[in-house]
Amino acid sequence: MSDQAVAEYRIEDLAHHSGATVRTIRAYQDRGLLPKPERRGRSNVYRDTHLARLRQIADLLDRGYTLASIKELLEAWDAGRGLGGVLGLVAEVHGPWTDEEADRISRSELNERFGGRPDDDAVGEACELGVLERIPGRPDEFLVPSPQELAVASELYAAGVPLVAITGHLRELRGQVEHIASRFLEFTTEHVFARYLGHVPPTDTDAAEAAAMVRRLRPLAQQTVDAELARAMRLLATRHLQQHLGAAGAEQPSGPTPVALPAGTVRAVQELVGPDHVAEFVRAATEREIQARTMNELVGRSGR
């Protein structure tokens with residue numbers, strides 16, 4: 001980099017400052033994502049505008065945008081339409097969807113909360129699920145994105161639920177919750193956000209209005225799920241308790257239990273013995289079957 005007031009970079013310097021590789025920078029140039037450098041003799045010269053563009057691309061990639069969609073956004077910006085509203089919308093959607101704040105936990109504290117002894121397999125699975133996140137350079141400390149989720153796991157473990165069952169339940173629950181989130185997004189896109197999608201990318205005005213709508217609707221998904229979960233738990237827990245109490249304490253009937261026969265069977269018996277003798281025929285047939293099975297059992301015993 002030169003000592004001029006306006007910073008200048010060779011491609012290697014640009015790669016170092018941006019975190020991108022030389023190969024990536026050249027690929028971005030070929031795809032039109034990055035302006036061509038200034039040619040000076042046999043060298044290419046890059047400036048701070050190139051560095052800013054690379055950082056912008058990296059940020060959008062981290063937020064889940066494809067290179068094709070990033071190119072459309074940048075082309076709109078270069079055409080003078082601006083990206084302020086769009087980037088504001090991106091930041092709003094990418095921001096936290098909960099008021100809960102992340103925390104940290106030491107390995108010793110983690111061990112104490114889950115059995116008092118190290119369990120590397122359980123820690124690895126917790127990291128895979130995102131319940132814990134490793135902190136570079138600090139092997140004995142973890143980031144906890146959701147302290148509430150870890151507290152639930154701790155309480156379940158203390159109640160006697162094995163760790164493998166807790167993680168299995170979380171995997172199953174996560175798939176179901178992601179389906180609910182997906183349906184909520186489809187629903188709000190169809191009925192709320194479709195009006196802002198007429199332009200690709202949206203204008204600054206539409207993007208700003210959409211960002212405000214995201215802020216307004218952000219708590220609704222969780223509020224709806226909380227209310228419906230409370231309703232379902234009240235209904236199903238009551239029914240579950242009644243079933244178990246009934247199974248444990250209900251008196252068994254002392255008399256015979258009625259058995260419903262298929263209508264076709266009843267008609268066939270009626271045609272065979274007449275409607276007045278159906279019950280007698282069924283009783284006789286049942287007794288004959290019981291006697292036959294008893295004889296077979298006795299013969300089987302004698303042959304052993």
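How many bridges pair β5 with strand β6 (residues 138-144), and in which sense do the two strands run? The two strands pair over three bridges, in the antiparallel sense. The model discussed here is predicted, and the sections below set this pairing in the context of the chain.

## The chain as a whole

The chain contains 12 helices and six strands. Of its 304 residues, 24% are buried.

## The β4-β6-β5 sheet

Three strands make up an open sheet, arranged in the order β4-β6-β5 with antiparallel pairing. The edges of the sheet are β4 (103-106) and β5 (133-135); each has a single partner strand, so one side of each lacks a neighbour in the sheet. From one strand to the next, the twist averages 40°. In general terms, the strands of a sheet pair through backbone hydrogen bonds, in either a parallel or an antiparallel manner.

The antiparallel strands β4 and β6 are joined by four bridges. At this pairing, D103 stands opposite V144 in β6. β5 and β6 together form a hairpin, with two residues between the strands. G137 lies in the turn of this hairpin and has a positive phi of about 80°.

## Packing of α1 against α2

Two packed helices are described by the angle between their axes and by the distance between those axes. For helix α1 (residues 11-18) and helix α2 (residues 22-31), the angle is about 100° and the axes are 9 Å apart. Angles of 65 to 115 degrees count as roughly perpendicular, and α1 and α2 are therefore roughly perpendicular to each other. On the α1 side the contact is made by I11, E12, L14, A15 and S18, while α2 contributes V22, I25 and R26. Sorted by class, the contact of α1 with α2 comprises five nonpolar residues, one polar residue and two charged residues.

The buried residues of α1 are I11, D13, L14, A15 and S18. Among them, I11, L14, A15 and S18 also take part in the contact with α2. Helix α2 is one of the elements that cover the buried residues of α1. The cover also includes β1 (8-9), β3 (43-47) and α3 (48-62).

The residue G19 follows α1, and its phi is positive, near 90°.

I166 is located in helix α9 (residues 163-191). Is this residue buried or exposed? Its relative accessibility is 10%, and residues under 20% are classed as buried, so I166 counts as buried.

Apart from neighbours within four places in sequence, I166 is in contact with A153, L156, Y157 and V161. The separation between the C-alpha atoms of I166 and S154 is 9.6 Å, and these two residues are 12 residues apart along the chain.

Methods: Residues are numbered from 1 along each chain as its sequence is written. This is a predicted model: local features need pLDDT of at least 70, side-chain atom pairs count only at pLDDT 80 or more; totals for chains, interfaces and linings use all residues. Side-chain values use heavy atoms; hydrogens and water are left out. Axes are lines fitted to C-alpha atoms, for helices over the stretch in contact, and angles run from 0 to 180 degrees between N-to-C directions. Angles under 35 degrees count as roughly parallel, over 145 as roughly antiparallel, 65 to 115 as roughly perpendicular and the rest as oblique. Contact means heavy atoms within 4.5 Å. Ala, Val, Leu, Ile, Met, Phe, Trp, Tyr, Cys and Pro count as nonpolar, Asp, Glu, Lys and Arg as charged, and the others, Gly among them, as polar. Buried means under 20% relative accessible area, exposed over 50%, partly exposed in between (1.4 Å probe, protein chains only). Two strands pair if DSSP finds at least two bridges between them.
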